[in-house]
Amino acid sequence: MDGIKRRLNESVQLKLSFTLSLAILVVALVAGVFSFLSALDEAHELQDDVLRQVAHLMDRQRLSPAAPTTDARLNEADEESRVIVQRLGEVSPSTVGVDAGGVLPLSATLADGLQTLEVGGETFRVLVKTTASAERIAVAQESGFRNEIARDGALRTVMPFLILVPVLLLIVADLVRKMFQPIAALSEEIDQRAEQELHPVEDRHLPVEVRPFAVAINRLLARVGQSMESQRRFVADAAHELRSPMTALSLQAERLTDTEMSDVAGERLTILRQGIERGRSLLDQLLTLAKVQSTTVEPRVSLSVQCIYRRVLEDLMPLAEVKHIDIGVTDMQDAEVWANEMDMTTLVKNLVDNAIRYTPQGGRVDLSIGLSDGKVVLRVQDSGPGIPLAERGRVFDPFYRTLGSEQIGAGLGLSIVKAIANRIGAEIRLDFVNETQQTGLIVTVFAPMSDELRKL
């Protein structure tokens, strides 16, 4: 009961449907009871009029009630529906009962008018009348038959309510559901948007009552977009401004290498140069992240995945050779993706760079291409430690690095990959190479297929 009350308080649609349905049921119940009682009373009144008309006919035509008969045809007739006409006080001298066509044992002292009497264990509606010839007659009919006819007529009157109320409840439920469909469609549209999709929602198809809510959402989206753009611009500007000082420091450190110095100073200079190099790499990644997160629409073309792999391997081969890593493309199959060239190159380069960094000495990094459900599948597989299941939800966050990692980095590589994937409409999946030992990592990117390849 508490759960139902809580749902009614939380859901406007459910509350409206429940209230309208309850109102319809209450109104239908009151109207049905009133109609039933009115029809029942009217049916009884009509039946009383039948008794009055019979009595009036007997008086006008100066007819006299016939003597009781035991004709077999009366036994075959419906004795409950017959109208009994007899002189008041008349008692059948024979053993013929009322059900067999006999008269009612009525008292001669009954007053004129309509009355309900209990006779022989049965109830009768009796009209007593004194005719113009001073003869008192009684016109009677069994009440059970009268009530059955009246109930049937009253039920026929209520029958439209019994049919229309369920239909009306279904109509109300469907109408309320359709009234709230624009709101449900609006919530579904907003829920399915990516993080960078901050364009205004369409409010022309929304009801007037909901339009202010949509306008408020659009204003909020505009403010959020401005705030995010300001943050990206600040990061990009800061990184750009820091590149010149870092370049100058790098040049000064290179000049110091030509100067005679002690071994201790040489070691410290090496550490300084490594720190400067990490700083420059961080600035480059910050600039890349700010660029791929921007709302600027980059032109897309049909790109060969093999060409992108070849270009990335040429840039990162020296890094793999230092660690004696066997790296390459496992097959000669090619496919074309529909994306921006710089975005795809940056995406693949960050994935391969991560694979090389986290793969131990003498390991292996394989790149492959495939097709699946209208998507181009780019797969980068390494023999490193992999990413634990508990951390896969956070590895795409900026500056997050896997626990226990000793590799040098800023934790922006996978953030850049995720931003580019959202930008081009791709999906990313992480898996273990060895599911049993939970080692190795397979990064699978499902990228949009080129139009030419899709037509084949």
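Me: What makes a contact between two side chains a salt bridge?

Reply: A salt bridge requires a side-chain nitrogen of Lys or Arg within 4 Å of a carboxyl oxygen of Asp or Glu. In this predicted model, Glu135 and Arg87 are 2.5 Å apart, N to O, and that value is within 4 Å, so the pair is called a salt bridge.

Me: Why does the pair of Glu135 and Arg87 tie together separate parts of the sequence?

Reply: Glu135 lies in the loop between β3 (122-130) and β4 (136-142), and Arg87 lies in strand β1 (residues 84-87), so the parts tied together are 48 residues apart in sequence.

Me: Why is Arg87 called partly exposed?

Reply: Its relative accessible area is 30%. Partly exposed lies between the limits of 20% for buried and 50% for exposed, so Arg87 belongs to that class.

Me: What makes Glu45, Asp49 and Arg52 one network?

Reply: Their salt bridges share partners. Arg52 pairs with Glu45, with closest N and O atoms 3.7 Å apart, and with Asp49, at 2.6 Å. Both values are within 4 Å, so each pair counts as a salt bridge. Asp49 and Arg52 both lie in helix α2 (residues 12-60), three residues apart.

Me: How do you know that Arg392 lies over the face of Phe432?

Reply: Arg392 is 4.3 Å from the ring centre of Phe432. The distance criterion is within 6 Å, so this value meets it. Lys418 likewise lies over the face of Phe396, at 5.6 Å from the ring centre.

Notes:
Residues are numbered from 1 along each chain as its sequence is written. This is a predicted model: local features need pLDDT of at least 70, side-chain atom pairs count only at pLDDT 80 or more; totals for chains, interfaces and linings use all residues. Side-chain values use heavy atoms; hydrogens and water are left out. A charge sits over a ring if NZ of Lys or CZ of Arg is within 6 Å of the ring centre and within 35 degrees of the ring normal. Helices (H or I, at least four residues) and strands (E, at least two) are DSSP runs, numbered from the N terminus. Buried means under 20% relative accessible area, exposed over 50%, partly exposed in between (1.4 Å probe, protein chains only).
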